[in-house]
Amino acid sequence: MTKLIALFPGDGIGPEVIAQARRVLDVVCGDRLSYEEGYVGYVAYEAAGHPLPEETLAIARKADAVLFGAIGDPRGDSLSRDLRPEQAILGLRKGLTLFANLRPAKLFPELADASALRPEVASAIDLVIVRETNGDVYFGEKGMRTTANGRREGYDIMSYNEDEVARIARVGFETARARRGKLCSVDKANVLETSQLWRDVVIEVSAEYPDVELSHMYVDNAAMQLVRNPGQFDVIVTGNLFGDILSDQASMCAGSIGMLPSATLDANGKGLYEPIHGSAPDIAGQGKANPLATILSSAMMLRYSLGMAAEADRIEAAVAAALAGGARSPDLGGTHTTVQMGDAVLAAL
Ligand code: IPM
Ligand code: MG
């Protein structure tokens, strides 16, 4: 049976990295996959007047999985917030109830020298950040107002209800159970009420998972520990904003942000797959982007949404072999172009 992939290249380097993932998928899956392309981000705004046009959302809804490049363009910064490119990814996460964002960070041994950390510290990294992506300050009431004394004030309401916390906590526990059995919940319960509820609910849910070892950490400490001793973490579960920040940080510890894939899942295994890096407008169109995060995202898609684990293994092994063979884009300290990185993966296949 052919599976339908919604293919959304988006802005900046998005089309370049998606093109390489598509070459890899064509070799590994052939006509078992079919594709329908859609506009997202600034290119969608230009083409259809909205960063997430209705047609794009409709393609995503009917597809078995979404493969997403990147969104963001400096020309979008002056638009009203609801028309900015970022609304495309936020709208897809919310519109399809994609609430569980899994961001694995693992150092390929070949890249020990590319990490910002000392190789012996970096080589211990093998963790997954489970980030909630349907709530928090991202989706609360927000706005600009004028105070009584005429000063401008911006505000964004942070909130989580207990069902939202329990739902993502279960994904965290399940993920930990399938790995090394350790879950660290990250919050700011010493200051925020939202975090106090988060912590209380995670503890309540932990009763269902006696086999998982649960710990708690404040987000500032977690940021410090990720750099000091990342090997201590197995699975981190956290809210939308803290997860956004910590996952960029973890990616750099693991070599380069150009390496890390991600999956954002709903409750039924449907998912959106994207590199965690952004659209990098400064290098767009120059062939300098590292496509490996997107290629690895397509492997996650095969594994989590399409039931093709063997094909996913093949792609991941080919990426490792390409790195072992010396393929290095500029973010990894080399001179390989985007296409040459794709060539190296194809050669390894
Ligand atoms: C990410 C990105 C997005 C986010 C932006 C583009 C809205 O930074 O996926 O991490 O903040 O979630
Ligand atoms: Mg981010």
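A disulfide is a pair of cysteine sulfur atoms within 2.5 Å, and the structure holds 0 of them. This is a predicted model, in which local features need pLDDT of at least 70 and side-chain atom pairs count only at pLDDT 80 or more, while totals for chains, interfaces and linings use all residues. Residues are numbered from 1 along each chain as its sequence is written, chains are lettered from A and ligands numbered from 1 in the order in which they are written, and side-chain values use heavy atoms, with hydrogens and water left out.

View 1. C253 counts as buried because its relative accessibility is 4%; buried means under 20% relative accessible area, exposed over 50%, and partly exposed in between (1.4 Å probe, protein chains only). C29 is also buried, at 4% relative accessibility.

**View 2. Helix 1, residues 14-29.** Helices (H or I, at least four residues) and strands (E, at least two) are DSSP runs, numbered from the N terminus. Helix 1 has 16 residues and reaches 21 Å from its first C-alpha to its last, close to the 22 Å expected at 1.5 Å a residue; the expected span is 1.5 Å times one less than the number of residues. Its buried residues are G14, E16, V17, I18, Q20, A21, V24, L25, V28 and C29. Among the elements that cover them are strand 1 (3-10), strand 2 (33-37), strand 3 (65-70) and helix 11 (309-324), where contact means heavy atoms within 4.5 Å. G30 follows helix 1 and has a positive phi, near 50°.

**View 3. Helix 6, residues 162-177.** The 16 residues of helix 6 should span 22 Å at 1.5 Å a residue, and the end C-alpha atoms are 22 Å apart, which agrees. Buried in helix 6 are E164, V165, A166, I168, A169, V171, G172, F173, T175 and A176. The cover over these residues includes strand 4 (100-106), strand 8 (182-187) and helix 7 (193-206).

**View 4. Helix 7.** With 14 residues, helix 7 should span 20 Å at 1.5 Å a residue, in agreement with the 20 Å between its end C-alpha atoms. T194, S195, W198, R199, V201, V202, V205 and S206 are its buried residues. They pack against helix 6, strand 8, strand 9, strand 10 and helix 9.

**View 5. The contact of helix 8 with helix 9.** The axes of helix 8 (residues 219-228) and helix 9 (residues 240-253) come within 10 Å and cross at roughly 10°. Helix 8 is therefore roughly parallel to helix 9. Axes are lines fitted to C-alpha atoms, for helices over the stretch in contact, and angles run from 0 to 180 degrees between N-to-C directions; under 35 degrees counts as roughly parallel, over 145 as roughly antiparallel, 65 to 115 as roughly perpendicular and the rest as oblique. V219, A222, A223, L226 and V227 of helix 8 meet F242, L246, Q249, A250 and C253 of helix 9. These residues divide into 9 nonpolar, 1 polar and no charged.

View 6. Most residues other than glycine have a negative phi. D136 is not a glycine, yet its phi is positive, about 75°. D136 lies in the loop between strand 5 (126-132) and strand 6 (142-146), and is buried at 6% relative accessibility. A280, also a residue other than glycine, has a positive phi near 40°. A280 is in the loop between strand 12 (271-275) and helix 10, and is partly exposed, with a relative accessible area of 23%.

How values were computed
Nonpolar A, V, L, I, M, F, W, Y, C, P; charged D, E, K, R; others polar.
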